[in-house]
Amino acid sequence: MTEEDRSIFSRIIDREIPARIVAETETIIAFHDVAPQAPVHVLVVPKTAQYVTVNELAAADPGLLAEMVKMAQSLADDLAQGDYRLVFNSGASAGQTVFHVHAHVLAGALEEGTLAG
Ligand code: AMP
């Protein structure tokens, strides 16, 4: 993979650009979305850049997907009241802009017309 092909999330994982990191394991990182669309808006991102969509991830590594869901719950417990929405945009026409699979964890009162509204 060339330098130009690396996603912005790979650069965050490698500490090349800053992010407000809230949780990290050997396989996953979570950080605040730079343009939050809810009072709590955190991205949960597998460290591997191998998968673009949640479908690819689910087919190839369901255990890693389950780890992401577990982290989402833990973040919602810590940062909100435990309830949350989990959004995976899959494909450009569905709003995906970063082609490195990631989950949006949204909690709190959501604005009308947001990606999760
Ligand atoms: P998606 O549109 O589902 O691909 O989501 C990509 C998300 O990444 C958007 O909600 C962006 O606001 C967010 N984002 C882009 N660049 C950064 C960054 N440097 N730090 C944190 N979040 C980012």
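The following legends describe close-up views of a predicted model. Residues are numbered from 1 along each chain as its sequence is written, and side-chain values rest on heavy atoms, with hydrogens and water left out. In this predicted model, local features need pLDDT of at least 70 and side-chain atom pairs count only at pLDDT 80 or more, whereas totals for chains, interfaces and linings use all residues.

**View 1. Polar side chains at the ligand.** Among the 16 residues around the ligand, those that come nearest are Asp-33, Asn-89, Gly-95, Thr-97 and His-104; a residue is near a molecule if one of its heavy atoms lies within 4 Å of it. A polar side-chain atom of Asp-33 is placed 2.5 Å from an oxygen atom of the ligand. For Asn-89, an N or O atom in the side chain is 2.8 Å from an oxygen atom of the ligand. A polar side-chain atom of His-104 likewise lies 2.8 Å from an oxygen atom of the ligand. On its own the ligand has 510 Å² of accessible area, of which the protein covers 83% (Shrake-Rupley method, 1.4 Å probe).

View 2. The ligand sits in the largest pocket. A pocket is an open set of points, on a 1 Å grid over the protein atoms alone, where a 1.4 Å probe fits, with protein on both sides within 12 Å along at least five of seven lines; a molecule sits in it if more than half of its atoms lie within 2 Å of its grid points. Helix 1 (8–13) and strand 2 (28–32) are the elements that give two or more residues to the shell, and helix 1 provides the largest share, 3 residues. Helices (H or I, at least four residues) and strands (E, at least two) are DSSP runs, numbered from the N terminus. By class, the shell has 8 nonpolar, 7 polar and 1 charged residues.

View 3. Arg-6 is found in the segment before helix 1. Its relative accessibility is 16%, so Arg-6 counts as buried (under 20% relative accessible area, 1.4 Å probe, protein chains only). The side chain of Arg-6 makes polar contacts with the side chains of Asp-14, at 2.5 Å, and Glu-16, at 3.1 Å. A polar contact within protein is a pair of N or O atoms within 3.5 Å, one able to donate a hydrogen and the other to accept it; residues adjacent in sequence count only if both atoms are side-chain atoms.

**View 4. The backbone at Arg-15.** Arg-15 lies in the loop between helix 1 and strand 1 (21–24). Although not a glycine, Arg-15 has a positive phi of about 60°. Most residues other than glycine have a negative phi. With a relative accessible area of 46%, Arg-15 is partly exposed (between 20% and 50%).

How values were computed
On a 1 Å grid over the protein atoms alone, a cavity is a set of points where a 1.4 Å probe fits but cannot get out, and a pocket is an open set with protein on both sides within 12 Å along at least five of seven lines; lining residues have an atom within 4 Å of a point. Ala, Val, Leu, Ile, Met, Phe, Trp, Tyr, Cys and Pro count as nonpolar, Asp, Glu, Lys and Arg as charged, and the others, Gly among them, as polar.
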